[in-house]
Amino acid sequence: MTVHPLATPYSAPAQPALTGGRRVGVLLSHGFTGQPASIRPWGEALAEQGYAVEVPRLPGHGTTWEELNTLTWADWYGELSAAFERLRADTDAVVVGGLSMGGALVLRLAADRPADVAGVVVVNPAVATKRLDVKLLPVLKHLVKSFPGIANDIKKAGVEEHGYTRTPLKAIHSMMQAWPGLIEDLSKVTAPLLYFRSTEDHVVDEASEPIITGKVGSTDVTVVRLEDSYHVATLDNDAEQIYAETAAFVARVARA
């Protein structure tokens with residue numbers, strides 16, 4: 001299977017000389033039908049601060065939407081968990097972050113590994129939706145393979161996410177099937193949470209934010225509004241704000 005040239009995973013070693021002698025890691029996850037290119041600049045900005053960074057390519061992404069349609073939430077979570085284990089073995093503390101579905105995946109990881117996650121950063125995460133047509137997915141996914149794509153919801157002119165032009169229905173149904181279990185376990189997320197939310201997002205609606213912020217077990221929750229970005233805010237006009245505030249957050253929680 002040919003992999004898109006921009007879908008190569010990104011990895012950077014820790015530079016403890018820049019982080020007070022501690023080896024601090026950051027694991028970042030891209031979203032559904034996206035690929036590492038959508039968050040690589042975020043990872044690179046953190047690597048410049050001395051953090052070890054891992055940006056894995058989730059299975060079925062950066063190849064074809066048809067391949068993605070043969071895979072499930074368990075495959076994506078398995079890849080992210082493996083990357084987390086590698087990072088944890090080489091660092092003193094690990095912060096996890098994600099965009100869209102990536103945000104849900106790292107929340108799942110933080111719920112499953114509360115003692116091992118020092119902090120959580122999410123950008124327009126999805127754990128619910130107000131769309132009523134998703135109730136038809138159990139039937140539709142057997143009749144229709146895909147819908148039009150959700151990639152490139154970016155306000156900044158000339159910026160490309162390089163995601164799929166089609167949304168595979170079996171795969172997205174698998175993602176949505178994981179949401180209720182994650183919501184039920186959000187109270188197990190006890191690490192500090194930094195939540196970035198675009199004020200205008202054409203992919204993830206407003207249903208997820210009150211669920212996540214209202215149910216997480218963390219007493220340290222910060223919500224930041226992104227006024228000049230759409231869904232893929234990590235590549236949009238507010239990207240530098242995300243990078244800077246993430247770096248400051250990582251520095252703070254990794255000292256604890």
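Predicted model: local features only at pLDDT ≥ 70, side-chain atom pairs only at ≥ 80, totals over all residues.

Reader: What about strand 8 and strand 9, how do they pair?

Author: Those two are parallel as well, with six bridges between them. Ser198 sits opposite Leu226 of strand 9.

Reader: Is strand 8 mostly covered or mostly open?

Author: Mostly covered: six of its six residues are buried. In a regular strand, side chains alternate between the two faces of the sheet. Here Leu193, Tyr195 and Arg197 are buried on one side, and Leu194, Phe196 and Ser198 are buried on the other.

Reader: Nice. What is the strand order in the whole sheet?

Author: The sheet is open and has seven strands, in the order 1-3-2-4-5-8-9, with mixed pairing. Strand 1 (10-12) and strand 9 (221-226) are at the edges; each has a single partner strand, so one side of each lacks a neighbour in the sheet. On average, neighbouring strands are turned by 15° against each other, ignoring direction.

Reader: Which helix packs on strand 8 and strand 9?

Author: Helix 7, residues 208-215, packs on the sheet and touches both of those strands. The direction of helix 7 makes about 170° with that of strand 8. Helix 8 (residues 239-254) also runs at about 170° to strand 8, and it lies across strand 2, strand 4, strand 5, strand 8 and strand 9.

Reader: And strand 2 with strand 4, over how many bridges do they pair?

Author: Six, in the parallel sense, between residues 24-29 and residues 93-99. Within that pairing, Val26 stands opposite Val95.

Reader: Let me change topic. How many aromatic pairs turn up in the whole structure?

Author: A search of the whole structure gives one. Phe32 and Trp76 make up that pair, edge-to-face, at 5.9 Å centre to centre with 70° between the planes.

Reader: Where do Phe32 and Trp76 lie?

Author: Phe32 is in the loop between strand 2 and helix 1 (40-47), while Trp76 belongs to helix 3 (residues 73-90), so the pair ties together parts 44 residues apart in sequence. Both Phe32 and Trp76 are buried.

Reader: I also clicked on Ala52. Why does Ala52 count as buried?

Author: Its relative accessibility is 5%, and the cut-off for buried is under 20%, so Ala52 counts as buried. Ala52 is part of strand 3 (residues 52-55). Leaving out residues up to four places away in sequence, Ala52 touches several others, including Ala12, Val24, Val26 and Leu87. The C-alpha atoms of Ala52 and Pro16 are 9.1 Å apart, although the two are 36 residues apart in sequence.

Reader: Which residues is Glu161 in contact with, then?

Author: Beyond its neighbours within four places in sequence, Glu161 is in contact with a set of residues, among them Gly34, Gln35, Ser38, Asn152, Ile154 and Leu235.

Notes. Residues numbered from 1 in each chain as written. Heavy atoms only, no water. Contact = heavy atoms within 4.5 Å. Pairing = 2+ DSSP bridges. Helix = DSSP H or I, 4+ residues; strand = E, 2+ residues; numbered from the N terminus. Axes fitted to C-alpha atoms, helices over the stretch in contact; angles between N-to-C directions. Phe/Tyr/Trp six-rings, centres within 6.5 Å; stacked < 30°, edge-to-face > 60°. Buried < 20%, exposed > 50% of the residue type's maximum accessible area, 1.4 Å probe, protein only.
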